[in-house]
2 protein chains.
Amino acid sequence: LIAGTPDAEIVAVGSELLTPSRLDTNSLWITDRLNLLGVEVVGKLIIGDDRNRLAAAVSSALTRTPIIIVTGGLGPTEDDVTRDAVAQALKRRIEFRQDLCDQIADRFARMNRPMAEINKRQAWAIAGSAALPNPNGTAPGLWIEDAGRIVMLLPGPPRELKPMFTDHCEARLRAALPELHIATVQFRVAGIGESDLDALISPVYMQYTNPVTTVLAAPGDVQVHLRARCASQQEARALVNEVGAQVETLLGDRIYSRNGDPLEAALGHLLRERGETLSVAESCTGGLLGERITSVAGSSDYFRGGFLTYTNEIKAALLGIDRDLLAKHTAVSEPVALAMAAGARERTKSTYALSVTGYAGPDDGQGVPVGQVFLGLASAQSVQAREVRFIGDRERIRSLAAITAMDWLRRRLMR
Amino acid sequence: LIAGTPDAEIVAVGSELLTPSRLDTNSLWITDRLNLLGVEVVGKLIIGDDRNRLAAAVSSALTRTPIIIVTGGLGPTEDDVTRDAVAQALKRRIEFRQDLCDQIADRFARMNRPMAEINKRQAWAIAGSAALPNPNGTAPGLWIEDAGRIVMLLPGPPRELKPMFTDHCEARLRAALPELHIATVQFRVAGIGESDLDALISPVYMQYTNPVTTVLAAPGDVQVHLRARCASQQEARALVNEVGAQVETLLGDRIYSRNGDPLEAALGHLLRERGETLSVAESCTGGLLGERITSVAGSSDYFRGGFLTYTNEIKAALLGIDRDLLAKHTAVSEPVALAMAAGARERTKSTYALSVTGYAGPDDGQGVPVGQVFLGLASAQSVQAREVRFIGDRERIRSLAAITAMDWLRRRLMR
């Protein structure tokens, strides 16, 4: 369908994305997925809920770029102008589709809620478009092919957009693209920062223009993506394997996943394989460690439970921590981290227990700087503690503490 | 200088901003500064280092918007195309300015470094532009007035951009704008979906084009923003108050915050005010409820702790839930939610305890559909339970369960 360079533009719609507090983060995820298909993003636009501006922007994008992805503005309110604006840009009608209306009504019925009249607006589609099912919301997506160009209309909420794109857009897009074989490897890495990682592996990947190497960083979680584009799958696979093997040698057991799984899934996989169980005792993370572990479906196979002990009194009452120990060392100390892990393991009869106690900020605690954290790890053989120090705001410190605790146990189980 | 509505578009230039790992965050800061001057941002564009694409984008922006701010691409390399592209869009020449060249040379001299020949490229300016000094880098900014429109070219690095904008652009901009004052109100709302809320309040806000009303939605958290632009502050304030009062009447105690605070902060504020405390007992949320509550700095004033009881055995062991009760009703049931809340309250001696038990999916549990959740709330007076049903994936169901539990207690405390 698409001849020439398969470039894309992403148009994010929503007046909230033009305020000082909101960024269009969907486009990062979409860019990553597009790159994996060999499509480059050549421009991004962010437009408010303004039909004429949006129509003009899409019209103009259509003159220069063959793939246009519009996200957001598919809701049921007057503010949601995407369908109308794109129809205007493509000079097409919009039409009521009874099948879409029935799907939306069915969704409300399953929620035991009446369907508001306003939601019928979401059953209007651009003439000639294919509707893309949305199991996670009321707005269907739309896929339009028009004179060698493709326009996709996708909902703004990431939990609606992402499955719609992977389940319904990627195969269609692949079929529309000139034949090119792509092979990829994705490593997820813990326990090393972005700059250190880059210094370590760039001497390898800088030698190659194919595969392209991208390093993506979030606090505590660095990803390395390799992508080769070749005339044959075999050739592309051989290239990424060649570079991937060198990267693996350099990063060693800091790599926790090769299939995109998050750290908690990698840890859970190891525990399930061994038939072992885990519990937690959390102070400064307040539930985040348990939340991360149980974000994986099926985590009840290995996660038993835990204790949120936010005050000294509760540490004593729930985990049996000696009050003199707390008084002598304070709650943020190695002896308390050890006692928390041991107490949680004993009370839940789990194979392992992880504990976290620290100062997440914003204020320093009793002369101890913000970011000072002690982790504990109890098993049948031993109870150990680690002192770590993180830099950043409250959210970042808590997140890094939870990640570091999970990665500690993961590496232990790998040995 | 500028007649009519002083709207702005921001154009960020740089191929790195089109990768999966980098966002244009300068635009948030610029938007905030512009809003304070009464200027609305009506569009944002992100373009790679591509002269023709950039020239076309700026040309097109100039036809619809009177203020254009271009950031990035002012460096000395071939990749830095902003000066040339904007000159092309404005149909102006670029010219060598000896005074700019001297300033750049002077900067290198102060750093005791030789000035590279390539840096002379930064002494070329668009004909008729005013140069904006850059004390933190070699790239001067440019300010261009053109037939009732303003175009600013600013460097990309935030430490160069920000002082240049505040020191050299804001006063010029203020002088060019019609006098305008802004007043805003922000409501955050729980317990009502976006469509229902919009159906309820749109008959009010649709009567007004000033203030502008924006409804922002995330699962379980809807925000309503009102913003008035008037010739005087008094008038703007009166307008937002007039509309705000009507919205407040319609939404009642579903409004939990008027200052941007999240739900957990609003709940925490009420507990602190009353000198009361809270604990939690979580099953399907696995720590998320505690995590949300403790994401607020200072939450140790009212949060005591909690129990993550992910299996029946642990519910019995940690919270003293009767095994026969679990066997008879299953873990996802009203009696178990009641017993979890009562058990947590008793063991932590807190004023209130919230409990959550449910099926977060992806699989149905024992004939009960995914999304079925029971919440419990224990106080000195009573122990109550609520049955709720959510639709969505695991993450959404867990998030809605935590939000609904917190909002239940918040509304109880409001009475």
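Author: Two residues are said to touch, or to be in contact, when they have heavy atoms within 4.5 Å. This is a predicted model, in which local features need pLDDT of at least 70, side-chain atom pairs count only at pLDDT 80 or more, and totals for chains, interfaces and linings use all residues. Residues are numbered from 1 along each chain as its sequence is written, chains are lettered from A and ligands numbered from 1 in the order in which they are written, and side-chain values use heavy atoms, leaving out hydrogens and water.

Reader: Why is A:T71 called buried?

Author: Its relative accessible area is 3%, and buried means under 20% (exposed is over 50%, partly exposed in between; 1.4 Å probe, protein chains only). The value is under the cut-off, so A:T71 is buried. A:T71 is found in strand β3 (residues 67-71) of chain A; helices (H or I, at least four residues) and strands (E, at least two) are DSSP runs, numbered from the N terminus.

Reader: Which residues does A:T71 touch, not counting residues up to four places away in sequence?

Author: A:T71 is in contact with A:V11, A:A12, A:V13, A:N26, A:I30, A:L154 and A:L161.

Reader: What makes A:T404 buried?

Author: A:T404 has a relative accessible area of 15%, which is under the cut-off, so the word buried applies. You will find A:T404 in helix α13 (residues 394-414) of chain A. Leaving out residues up to four places away in sequence, A:T404 touches A:L375, A:R386, A:V388 and A:F390.

Reader: How many helices and strands does chain A have, and what share of its residues count as buried?

Author: Chain A has 13 helices and 17 strands, and 58% of its 415 residues count as buried. Its C-alpha trace spans about 75 × 55 × 40 Å along the principal axes. Among the contacts in chain A with a separation of 6 or more, 68% come from residues 24 or more positions apart.

Reader: What makes B:P20 buried, and what is B:P20 in contact with?

Author: Its relative accessible area of 12% is under the cut-off, so B:P20 is buried. B:P20 sits in the loop between β1 (7-13) and α1 of chain B. Leaving aside its neighbours within four places in sequence, the contacts of B:P20 are with A:L28, A:T31, A:D32, A:N35, A:T214 and A:L216.

Reader: Which residues of helix α10 of chain B are buried?

Author: In α10 (residues 312-319) they are B:I314, B:K315, B:A316, B:L318 and B:L319. Just after α10(B), B:G320 takes a positive phi of about 70°.

Reader: What is noted about the phi of A:A147 and of A:T330?

Author: Although neither is a glycine, A:A147 has a positive phi of about 50° and A:T330 one of about 70°. Most residues other than glycine have a negative phi, and most peptide bonds are trans.

Reader: Where is a cis peptide bond found in each chain?

Author: In chain A, a cis bond joins A:N210 and A:P211, with omega about 5°. In chain B, the bond from B:N210 to B:P211 is cis, with omega near 5°. A:P211 lies in the loop between α6 (194-205) and β10 (212-218) of chain A, while B:P211 is found in the loop between α6 (194-205) and β10 of chain B.
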